[in-house]
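Please read them with the structure open.

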Amino acid sequence: MAFNLTRRKFLQSASLAAVALPLSRAIASESGVKRSPLEAKGSFKDETVVGGICEMCFWRCQLVGKKRGGRLVKLEGNPKSIDNGTSICARGNAGIKLLYDPDRLKFPLKNVGERGNPKWKKISWKEALDECGNKLKAVEDKYGAKGICVFPHGSSAKYPMHFFERTVGTKNVSEASFFQCRGIRDTAYVATIGKAPGEKVDMPNAKVIFLLGGHFGENIHVSHIKRYLKGLQNGAKLIVVDPRYSASAAKSDIWVPIKPGTDTAFLLGIMNYLIATKKYDADFVDEYGDGFEEFAKGIEEWSLEKAAAACDLTVQQIKEVADLLADNAPNVSIHPGRHVSWYGNDFQRQRSLACLTGLLGAFYVKGGWVPAIGPKVGKLSWEHKEHEEEFNLNLNSDDELYHPFTPPGTPTELIRDAALTGKPHPIKGCVIWGQNPIQTIPGQEKMKNVLRQMDFVMCVDVMPTDITMWADILLPEVSYLERYDYIKTGTQWDLSEKQQQFISARMPLVSPLFERKDQVFITNEIAKRMGYEEDIPVKTAKDMVEKNLEVAGLSLAQLKKEGGIHIQPGKNPYNMPDDFEVVFFNEDIEDAGFPGVPTYKPVEEPPAGFARLIYGRVPVHTFNRTQNNVWLHSAMPTNPVWLNDELAAKMGLKDGDEVGFINQDGIKSRTTTIVKTTPGIRKDCVYMGHGYGSANPLMTVGVGAGVDDTSLVTKIAVDPETGANGMRNNFVKFIKDGKIINIPTAA
Amino acid sequence: MNKTYLESLYALLDALGGEKEKDAIDTAIKKSRDFLEDLQVEYTRLFINGIPHVVAPPYGSVYFDKSLQGKYAEQVMHYYCSKGYALTDKADFPDNLIHQLEFLSFLAEDKDQESENEFLGTYFLPWFETFSKLVKKEAQHPFYRIIITLIDFFTKEEKEYGVQLNEA
């Protein structure tokens, strides 16, 4: 296409005058450029801004930002930090690329196409909020609060989650951090020691560190890793139980290549051996134990031989671990783990870990499980309101809980099943906030069907993740570098050092770009439109943080003055609380119809020709959240599948071969990845990094890069006590050049 | 998008001998149920978040630095400042296409031909070339193709005075 004239001729001609005036009138003058006094070259100020708290993962390291002329050019650990210090990880560094990612959501979008196959139209905030408020109100009017469900994740999702839970009154809330991650750990420890354990193990001062499935070095949280490495530097022995020779296994004194799914049998074998040989801490158990007799009797069948057979290990391997632990008790770190939703038999395994810690007397001692005492800050949010109609999907018709040891919220499958069947009631409104249920929750087709039947789906995120394709209205949220919210508190990470506490709060390092808004603004505006204006607890996110800091006698201004972090004297963490006890046999669990003594329940074996698909973290990505980050993608663009080298030889596969997968339900992976052959993995399983292969073409970097492991997790397992998902009970074969290759498992 | 705007655009196209272009827009309007929504959807797809991916982000940094607000944006801002211009508070990034065109229009007003040429050659054209190719190739609505062609027309030097494009 070319015009008849040249530019010069046109500019010289009379035609210009004829069109220039009407044209200039027609174009609204919304100029962003203005005349200003001349500035000398190089006058852009360089400055360091404090108050950053990372959220490239959920460990939340303390940051400072280096800025030049309003542009954030670098992130660093806050030098004042006694947590991460000046260190941040690869992901933390790459926060810059999230902030300025061209694919990031920028304006409210309305889907004028269909769910799952969207056609986006930029709309105004007013229109977007009206639509969200009115549609959710309509669902509430027609179906009640129980007609709404919420999938929230991350610190910005707390405020909207509380609004829907406490004010509107829906219990259909399912957080990935509970039901697809650590909820099982928390409730299992609560049922054993009365507290959620966190990752509060005093590794720097341990003589032995025991990791079951934990792969530190692949899973990086800076101060956590510092604890671990300091422990190793101080001479702690490391035991790693993992079907795979992980980064941690590579540093271990003992690597236990356990058969997947049998961890509880392994722990029972150890515990029974410790009791039978009187190598446990009898004094500790006498003083703090409850139900020890029933416990000892309940697990007495677990001879080393039986455990070895169940776990595909030798007696010697288990005995060696047990002796090393006993010889160094009580200064042993039995790590509670973090992502523990594995096989659907996980609650009993997590109970076993807590009981083992008790047998070794390793609570509140140097090197053991020690919850440091941190400072208190406020927790302002929506108040709990009375609701006329109480409902709970977790209750059966006899008012008994299906999953009595559920973490807060409602088990995901109960919500999804209710939505799909309309029983006991329909669920027609869906709010998704910072969570990507397509790549987080097993059964992608099920999730899509749940979304298909909704009257309204709203999604809030910073990136166009896979779930956002299913939204009717998609709202762009500010990132952690552009908002106020999270208050991070804690103590110095090495508990043997001078006792100190710290308080820091997330403050924006840069102003929000485009039309991105924060959680308090969005939630309040929706609340107004749903008729809950009077319940709004706080006007802005900044006010919320101020009020929460007030409880500790602080303010944002004060924090800024102190370099973003307030430090005060701490308290001795090793004092055992008076009421502490370890419930070895738990009667409540038994009364609820589950084993009150930790019990091993075998999981399904891989069918012939298949191997179990296990997955985990890679050091440069966080779940599926960072897959579009261009720096992190460059560091690890795909998720190679680990395959035992002997099997690979039999299958005719070598390193770098491109393969896809088909699972036991005939579901094929959409994309491919490359083979990594290694002697460091058992023959009954294959392994890959989680969170690759986005299906959303809006993610120009992450789309189709690597294989989406969640897409292959179609068989849904649920842990009976907690209702959380077990996600490693799916089996795969390989596909190469269109041909399916069996995995010779019995080799 | 209103009647005056369309009339003015048509007048401009007439003056340039752009009959085909005028017809294309006219046809699109007649065929459409909601012309404005068509434009909004296409705008979103081309410049904001599009399927299969955003076609042509209107920011120079994306082409130079593969990032929003990259170093290039800073350089452009420096250039504005060096000529006595700044951005208003509500402005987008300095390297936004609109702001660069606005800046050029100010320079034209100032009759500062030399700076115009320098800015076009050093900052604007090297990425606009790629940008405009993308839009012309991918746009599914004639409106954007035509607007980009107009910008192309008004910013490109004639061959004999042409600047050397930085193809890298």
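Predicted model: local features only at pLDDT ≥ 70, side-chain atom pairs only at ≥ 80, totals over all residues.

1. β9(A), residues 237-241, and β10(A) pair in the parallel sense over 3 bridges. Ile239(A) stands opposite Ile254(A), which belongs to β10(A).

2. Chain A also has an open sheet of 3 strands. The order is β2-β3-β4, and the pairing is antiparallel. β2 and β4 (71-77) of chain A form the edges, each pairing on one side only. From one strand to the next the twist averages 30°.

3. Look at β2(A) and β3(A) in detail. They run antiparallel and are joined by 7 bridges. Gly52(A) is opposite Leu63(A) of β3(A). The loop between β2 (46-53) and β3 (62-68) of chain A holds Arg60(A). Arg60(A) is not a glycine, yet its phi is positive, at about 65°.

4. Two cis peptide bonds deserve a check. One joins Ala329(A) and Pro330(A), with omega about 5°. Pro330(A) sits in the loop between α13 (315-328) and β12 of chain A. Another joins Lys423(A) and Pro424(A), with omega about 0°. Pro424(A) is in the loop between α15 (412-421) and β13 (429-433) of chain A. For background, most peptide bonds are trans, and most residues other than glycine have a negative phi.

5. Next, the interface. How many residues of each chain are in contact? Chain B contributes 65 residues and chain A contributes 50. The two chains bury about 5400 Å² between them. Of that area, 63% is on carbon and sulfur atoms.

6. Polar features cross this interface too. There are 14 residue pairs in polar contact, both residues at pLDDT 80 or more. On the side of chain B that touches chain A, the elements giving two or more residues include α1 (3-16), α3 (35-48), α6 (97-109) and α8 (142-155) of chain B. α1(B) gives the most, with 9 residues. That side of chain B divides into 29 nonpolar, 19 polar and 17 charged residues.

7. Salt bridges between the chains number 4. In one salt bridge, the side chains of Arg35(A) and Glu109(B) meet at 3.3 Å, N to O.

8. Which strand of chain A is joined to β1(B)? It is β1(A), residues 33-35. The two strands run antiparallel, with 3 bridges between them. Lys34(A) has Ala86(B), in β1(B), as its bridge partner.

How values were computed:
Residues numbered from 1 in each chain as written. Chains lettered and ligands numbered in written order. Heavy atoms only, no water. Contact = heavy atoms within 4.5 Å. Buried area = accessible area lost by both parts, 1.4 Å probe. Polar contact = N/O pair within 3.5 Å; in protein donor to acceptor, adjacent residues only side chain to side chain. Helix = DSSP H or I, 4+ residues; strand = E, 2+ residues; numbered from the N terminus. Nonpolar A, V, L, I, M, F, W, Y, C, P; charged D, E, K, R; others polar. Pairing = 2+ DSSP bridges. Axes fitted to C-alpha atoms, helices over the stretch in contact; angles between N-to-C directions.
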